[in-house]
Amino acid sequence: MIPVTRFSRAWIAVATVCVAALLSFGLTPPAVAAPSWPVISNGSSGPDVASAQFLLRSHGHDIAADGQFGPATEGATRSFQQSRGYGVDGIIGAETWPGLIVTVRQGDSGDAVAAAQTALNKHGYGLAVDGQFGPATASAATAFQSAKGLAVDGIIGPQTWQNLLGQGGGGGGSYSLPIPRGTLSRGYYNAPHHTYPALDLPVGTGTPVYAVHSGVATRVSNDRCGLGYSLAGDDGATYFYCHLSAYGVGSGARVNAGAHLGSSGNTGNSTGPHLHLEVIAGGAQRCPQPAMLAIYDGVSPPSPGSLPTSGCVG
């Protein structure tokens with residue numbers, strides 16, 4: 001008969017080997033580190049602000065969800081913080097966000113769903129912000145969770161919220177892909193342009209086109225660009241969009257990152273339907289590729305003035 005002590009040691013050894021084998025085969029996924037909550041306050045703008053405003057509305061605060069953090073949003077934030085016993089400073093950061101978010105799932109409706117749709121659109125999912133959690137929103141939620149290594153259940157709970165809001169920067173620093181995320185794979189955002197720093201994204205006519213950053217959009221119409229926009233970004237860069245089939249906002253309109261500017265097409269000097277994107281910063285044409293890849297990966301892009309002026313031409 002094997003002594004108990006030897007028997008126990010033998011099974012411990014076997015268990016240790018089994019655990020090591022499971023880890024070596026990757027059967028235990030590594031923990032996903034959640035990004036920091038964004039910090040937004042009076043003067044901030046963008047989709048994180050709009051999401052916060054919709055969430056404040058879901059808690060009974062009657063404010064506009066316009067993506068601009070002004071006195072009304074600050075007042076609602078202070079009131080919410082006081083009701084929860086938080087520090088009352090009018091700033092939405094790591095203490096306030098966890099109490100502000102609301103778990104939503106398919107079948108739900110209301111302002112909290114609109115907040116989630118706005119946050120998903122920051123990552124390029126192109127949803128209608130209608131406050132109805134239907135199949136399209138569920139599909140976007142599961143796609144986002146899969147891309148970020150989260151539990152894929154289609155439910156937007158605390159971990160998904162933190163990744164949605166924390167990825168890609170907050171407030172006035174928010175950026176968006178120029179087209180819906182699922183339209184093209186990552187490699188297309190690294191493709192060289194033909195003759196000068198720019199990016200051509202081969203998408204069909206009618207694909208939604210989004211503002212990369214907040215700023216003022218001015219309509220463009222000429223033989224070279226066709227229908228397009230010049231977007232004077234709040235980050236100091238100018239973003240040019242060309243070959244659209246239709247405009248979505250008026251000339252001189254102030255837009256947030258992820259705003260629907262128009263629809264892609266084949267107007268102007270174009271050899272086929274696609275979106276042409278240029279970035280001008282510091283008086284020079286810059287390669288959009290590094291910035292677009294960072295946005296696709298959900299991390300803050302390099303500043304426009306630091307983007308290279310060469311190396312992105314085929």
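A polar contact here is a pair of N or O atoms within 3.5 Å; within protein, one must be able to donate a hydrogen and the other to accept it, and residues adjacent in sequence count only if both atoms are side-chain atoms. This is a predicted model, with pLDDT of at least 70 needed for local features and 80 or more for side-chain atom pairs, while totals for chains, interfaces and linings use all residues. Residues are numbered from 1 along each chain as its sequence is written, and side-chain values use heavy atoms, with hydrogens and water left out.

**Exercise 1. Find out what R181 reaches with its side chain.**

Step 1: R181 is in the loop between α7 (158-166) and β1 (199-201); helices (H or I, at least four residues) and strands (E, at least two) are DSSP runs, numbered from the N terminus.

Step 2: look for the charge partner. R181 is buried yet has no salt bridge, and D297, the nearest side chain of opposite charge, is 5.9 Å away. Buried means under 20% relative accessible area, exposed over 50%, partly exposed in between (1.4 Å probe, protein chains only). A salt bridge needs a side-chain nitrogen of Lys or Arg within 4 Å of a carboxyl oxygen of Asp or Glu. For charge, Lys and Arg count as positive and Asp and Glu as negative; His and the chain ends are not counted.

Step 3: check backbone atoms. The R181 side chain gets to the backbone oxygen of Y296 at 2.6 Å.

Step 4: Skipping neighbours within four places in sequence, R181 is in contact (heavy atoms within 4.5 Å) with H123, G124, Y125, A147 and Y296.

**Exercise 2. Work out how many residues of helix α8 (289-296) are buried, and what covers them.**

Step 1: count. In α8, 7 of the 8 residues are buried.

Step 2: name them. They are Q289, A291, M292, L293, A294, I295 and Y296.

Step 3: find the cover. It includes β1 and β8 (275-281).

Step 4: look past the end. G298 follows α8 and has a positive phi, near 80 degrees.

**Exercise 3. Name the residues that touch the most other members of the largest nonpolar core.**

Step 1: define it. A nonpolar core is a set of buried Ala, Val, Leu, Ile, Met, Phe, Trp, Tyr and Cys residues joined through side-chain atoms within 4.5 Å.

Step 2: see who contributes. α2 (47-58), α3, α4 (97-100), α5 (111-122), α6 (135-147) and α7 each give two or more residues to this core, and α5 provides the largest share, 7 residues.

Step 3: Beyond four places in sequence, W161 touches residues including W37, L55, A112 and I156.

**Exercise 4. Trace how strand β4 (226-233) is paired on the β3 and β5 sides.**

Step 1: take β3 (215-222). It runs antiparallel to β4, with 8 bridges joining them; strands pair if DSSP finds at least two bridges between them. S221 stands opposite L227, and the hairpin has 3 residues between its strands.

Step 2: take β5 (238-247). Again antiparallel, β4 and β5 are joined by 5 bridges, with S230 opposite F240. Their hairpin leaves 4 residues between the strands, and G236 in the turn has a positive phi of about 95 degrees.
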